[in-house]
Amino acid sequence: MKEDIIYLLFDNWCNSGHEPEVIEAMKKAIQNPTEDTIFELSSTVEANAFKAGVRSCLQMMHCLFIEE
């Protein structure tokens, strides 16, 4: 189960490139590659992955404890 959670979180991190705010931050970083725009892109990707990971973990907990 531990490996499943790790893979799920990694997948969320890798798949966050399709979110509109990630695309916008990516465009800014490509057009003007400064420390600030690159940090903004990194922060946006991490925030989206974290939120998706939390949602996925809550869904797994729901399945484990409520939908037995």
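1. A residue is called buried when its relative accessible area is under 20%, exposed when that area is over 50%, and partly exposed in between, using a 1.4 Å probe and protein chains only. By this reading, 21% of the 68 residues in the protein are buried.

2. The model is a predicted one, in which local features need a pLDDT of at least 70 and side-chain atom pairs count only at pLDDT 80 or more, while totals for chains, interfaces and linings use all residues. Residues are numbered from 1 along each chain as its sequence is written, and side-chain values use heavy atoms, with hydrogens and water left out.

3. The protein has 3 helices and 0 strands, and the order along the sequence is α-α-α; here helices (H or I, at least four residues) and strands (E, at least two) are DSSP runs, numbered from the N terminus. Among contacts with a separation of 6 or more, 56% are between residues 24 or more positions apart, where contact means heavy atoms within 4.5 Å.

4. Helix α3 covers residues 35-65, which is 31 residues, and its first and last C-alpha atoms lie 44 Å apart, close to the expected 45 Å. That expected span is 1.5 Å times one less than the number of residues. The buried residues of α3 include T37, L41, T44 and V45, and also N48, A49, A52, G53 and S56.

5. A47 also belongs to helix α3, but A47 counts as partly exposed because its relative accessibility is 33%. Although A47 and V22 are 25 residues apart in sequence, their C-alpha atoms are 9.9 Å apart in space.

6. For the cysteines, C57 is partly exposed at 25% relative accessibility, and C63 is partly exposed with a relative accessible area of 39%. The structure holds 0 disulfides, a disulfide being a pair of cysteine sulfur atoms within 2.5 Å.

7. The accessible surface of the protein is about 5,500 Å², and carbon and sulfur atoms hold 62% of that surface; such areas come from the Shrake-Rupley method with a 1.4 Å probe, and for residues only the protein chains shown count as cover. F50, V54, L58, M61, L64, F65 and I66 form a nonpolar surface patch with about 750 Å² of accessible area together. Patch residues have over 30% relative accessible area and no salt bridge, with nonpolar side chains (Val, Leu, Ile, Met, Phe, Trp, Tyr) joined within 5 Å and like charges within 9 Å; a salt bridge is a side-chain nitrogen of Lys or Arg within 4 Å of a carboxyl oxygen of Asp or Glu. F65, found in helix α3, is exposed, with a relative accessible area of 58%.
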